Amino acid sequence: MLYKMTKQNPCKNIFNPYLSRYILLFFGILFYGFLIGCQDKQQDAPLDYTFNADDITYTFRLQGDNELIIKTNDTNIDANVLLVFLEQECPACDAYYAHLNHLADTEEHLMIFGMFKDTLEQQDIQNFRTNKDIRFPLLNPTSNISLFEALMQIKAKRIQQLIQAIPTKKPDNKEDPEKDSTTQMSESFTPVLPYFVLYDKHHQFYQDYEGIVPEEIFSSDIAQIAH
């Protein structure tokens, strides 16, 4: 009986499994990179903070650390904007309402928004407006994310950048305890209300304010960004 002899490639049975593994590994890496890229995009995507005032929906969107886009019913607000964060029980806020009313009446290209940190009943807001004689919009938050907290995080980063820009001496290569304590303060920074943030008509951050702020300071800064 004759047998037909065939010569087999000794690498054939070894090559295919290894090739398959490398192909699977290659596509696995690509898929993992795709997922990571999607997660990064989701993390970097701007968030919308929604508020209500007199049956008008306001949407605030932070673009990075210095830009704030404000829309009313999908229409952009192109004006200088002063945000005033306040609470119902805020004795320090009471000293500002008359001055803010005056600014709202006299500054043609300025919009002032009173921003409550927490959601209130509509009747409570109406009573608050009447009792305090407020003549600018009071915005009631309707989203489950806080614009105030987001701005506080940006504020902390801004303070941290200022701290890092201060030259310090470290004798004997030791850490500066004063700088460390200042860094910790910036990371847990929360201002006393009222807290003010001013943006120009191009949606760019200009200045924030806390403590005792005379009306003339606001007027001067508003005049600066008007030009």
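This note sets out the main features of the structure in numbered points.

1. The structure is a predicted model, in which local features need pLDDT of at least 70, side-chain atom pairs count only at pLDDT 80 or more, and totals for chains, interfaces and linings use all residues. Residues are numbered from 1 along each chain as its sequence is written, and side-chain values use heavy atoms, with hydrogens and water left out.

2. The protein has seven helices and nine strands (DSSP runs numbered from the N terminus, with at least four residues of H or I for a helix and at least two of E for a strand). Of its 227 residues, 33% count as buried; buried means under 20% relative accessible area, exposed over 50%, and partly exposed in between, with a 1.4 Å probe and protein chains only.

3. Among contacts between residues at least 6 apart in sequence, 64% join residues at least 24 apart (contact means heavy atoms within 4.5 Å). One case of such separation along the chain is Met111 and Lys201, which are 90 residues apart, with C-alpha atoms separated by 9.9 Å.

4. The largest nonpolar core has 52 residues (a set of buried Ala, Val, Leu, Ile, Met, Phe, Trp, Tyr and Cys residues joined through side-chain atoms within 4.5 Å). The residues with the most contacts inside this core are Phe60, Leu83, Phe85, Leu100, Phe113 and Leu151. Leaving aside neighbours within four places in sequence, Leu100 is in contact with Leu82, Val84, Ile112, Phe136 and Phe196.

5. Helix H5 covers residues 147-165 and has 19 residues. Its first and last C-alpha atoms are 27 Å apart, close to the 27 Å expected at 1.5 Å a residue (the expected span is 1.5 Å times one less than the number of residues). Buried residues in H5 include Leu147, Leu151, Ile154 and Ile159. At the start of H5, a side-chain oxygen of Ser146 comes to within 3.4 Å of the backbone nitrogen of Phe148.

6. Twelve aromatic pairs are found in the whole structure (rings of Phe, Tyr and Trp, the last by its six-membered ring, pair if their centres lie within 6.5 Å; planes under 30 degrees apart count as stacked, over 60 as edge-to-face and the rest as tilted). The rings of Phe116 and Phe128 have centres 5.4 Å apart and planes at 75 degrees, so this pair is edge-to-face. The pair links Phe116 in strand E6 (residues 110-116) with Phe128 in helix H4 (residues 122-132), twelve residues apart. Phe116 is buried at 3% relative accessibility, and Phe128 is buried at 5%. One aromatic cluster is formed by Phe51, Tyr58, Phe60 and Phe113.

7. Asn140, in strand E7 (residues 138-141), counts as buried at 6% relative accessibility. A polar atom of the Asn140 side chain lies 2.8 Å from the backbone oxygen of Leu120. Leaving aside neighbours within four places in sequence, the contacts of Asn140 include Thr50, Phe51, Asp118 and Ile125.

8. The peptide bond from Leu193 to Pro194 is cis, with omega near 5 degrees, and Pro194 is placed in the loop between helix H6 (177-187) and strand E8 (195-199). Asp55 has a positive phi of about 65 degrees although it is not a glycine; Asp55 lies in the loop between strands E1 (48-53) and E2 (56-63) and is exposed at 81% relative accessibility. Asn73 has a positive phi of about 50 degrees, and is likewise not a glycine; Asn73 lies in the loop between strands E3 (67-72) and E4 (75-76) and is exposed at 52% relative accessibility.

Notes: Polar contact = N/O pair within 3.5 Å; in protein donor to acceptor, adjacent residues only side chain to side chain.
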